[in-house]
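Welcome! Here is a short tour for anyone meeting this structure for the first time. Take a look at the model, then read on.

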Amino acid sequence: MWHTLLRDALDCISSPRCPRCGGDGPARGSGFCAACLEALALPEGGVQGDTPLLWCAVAPYRGALRSLLLHQRPLPQPAVITALAALLHRCSATVLPGALLLPIPSWKRNGNPLPLLLAQALQQAAGPTATLAPQLLQRTRPTVGQHHLGRALRLCNLRQAFAAPPPQGPGLAWHRRRRPLWLVDDILTTGSTALAAAEALQGAGWAVQGVLAIARTPL
Ligand SMILES: [Zn+2]
């Protein structure tokens with residue numbers, strides 16, 4: 001009996017569990033189990049576009065993925081963040097070598113934690129040639145919540161809301177500015193926030209390529 005208990009205890013410790021449902025065995029190459037992957041209904045290869053800037057996301061923001069992200073914002077779970085970042089890595093792996101990864105910052109100190117956590121996990125998945133660079137972008141002033149604003153008001157709300165301080169050290173600065181820079185966010189809605197961030201960075205000479213997100217609100 002003791003052998004059985006010991007084996008069960010070891011199985012609990014060593015067997016990977018799905019971070020969404022707690023069930024057995026994440027599917028091969030994914031942090032989630034087969035049933036959760038089916039529920040999340042992720043399109044093969046993710047979704048991409050170029051409006052209002054180049055973007056790549058794991059899936060449209062709806063259904064089970066929307067519910068998962070809404071639950072993660074107030075209380076992020078490291079295993080879920082890692083699994084989501086692995087999915088994002090799967091659809092953006094070709095652009096990550098040598099990239100700077102910049103999570104879009106919140107104005108409030110205790111704002112949305114997901115962009116930074118996802119960028120950290122994505123850097124881990126991408127390996128040492130990708131660099132986390134949150135220090136390159138700052139919020140300059142408070143903005144009102146975006147969710148109830150239309151596109152025109154969002155652009156107005158975000159005008160000059162970001163600043164990109166010039167890099168320190170002349171030689172290093174110019175070398176680093178040539179590296180492809182990708183913004184990282186959890187949800188891409190109209191893209192107004194990402195566009196305002198990209199404009200501030202481009203104005204400071206950084207080579208912004210676009211934005212990587214977990215979900216994109218269907219247009
Ligand atoms: Zn599951």
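Two strands are said to pair if DSSP finds at least two bridges between them. Strand β3 (residues 100–103) and β4 pair in the parallel sense, over 2 bridges. Please keep in mind that this is a predicted model.

**The sheet**

- Strands of a sheet pair through backbone hydrogen bonds, either parallel or antiparallel.
- Here, an open sheet of 6 strands runs in the order β1-β2-β8-β7-β3-β4, and its pairing is mixed.
- β1 (47–49) and β4 (131–132) are the edge strands, each pairing on one side only.

**Helix α3 and its two faces**

- Helix α3 spans residues 63–72, and its buried residues are L65, L68 and Q72.
- Seen down the axis of α3, these buried residues fall within an arc of 60 degrees, so they line one face of the helix.
- On the face turned away from that buried side, α3 carries the exposed residues G63, S67 and L70.
- What do the buried residues of α3 pack against? Their partners are α2 (34–40), β2 (55–60), α4 (78–92), α5 (114–126) and β8 (207–216).
- α3 also lies across β2, β7 (180–188) and β8, and it runs at about 105 degrees to β8.

**L37 in helix α2**

- L37 sits in helix α2.
- Is L37 buried or partly exposed? L37 counts as partly exposed because it has 19 C-beta neighbours inside 10 Å, while a buried residue needs 20 or more.
- Leaving aside residues up to four places away in sequence, L37 touches A27, S30, F32 and L42.
- L37 and L65 are 28 residues apart along the chain, and their C-alpha atoms are separated by 9.8 Å.

**Two backbone details in loops**

- A41 is placed in the loop between α2 and β1. A41 has a positive phi of about 50 degrees, although it is not a glycine.
- With 12 other C-beta atoms within 10 Å, A41 is exposed.
- P52 is found in the loop between β1 and β2. A cis peptide bond joins T51 and P52, with omega at about -5 degrees.

Methods. Residues numbered from 1 in each chain as written. Predicted model: local features only at pLDDT ≥ 70, side-chain atom pairs only at ≥ 80, totals over all residues. Helix = DSSP H or I, 4+ residues; strand = E, 2+ residues; numbered from the N terminus. Arc of directions from axis to C-beta. Contact = placed C-beta atoms within 7 Å. Axes fitted to C-alpha atoms, helices over the stretch in contact; angles between N-to-C directions.
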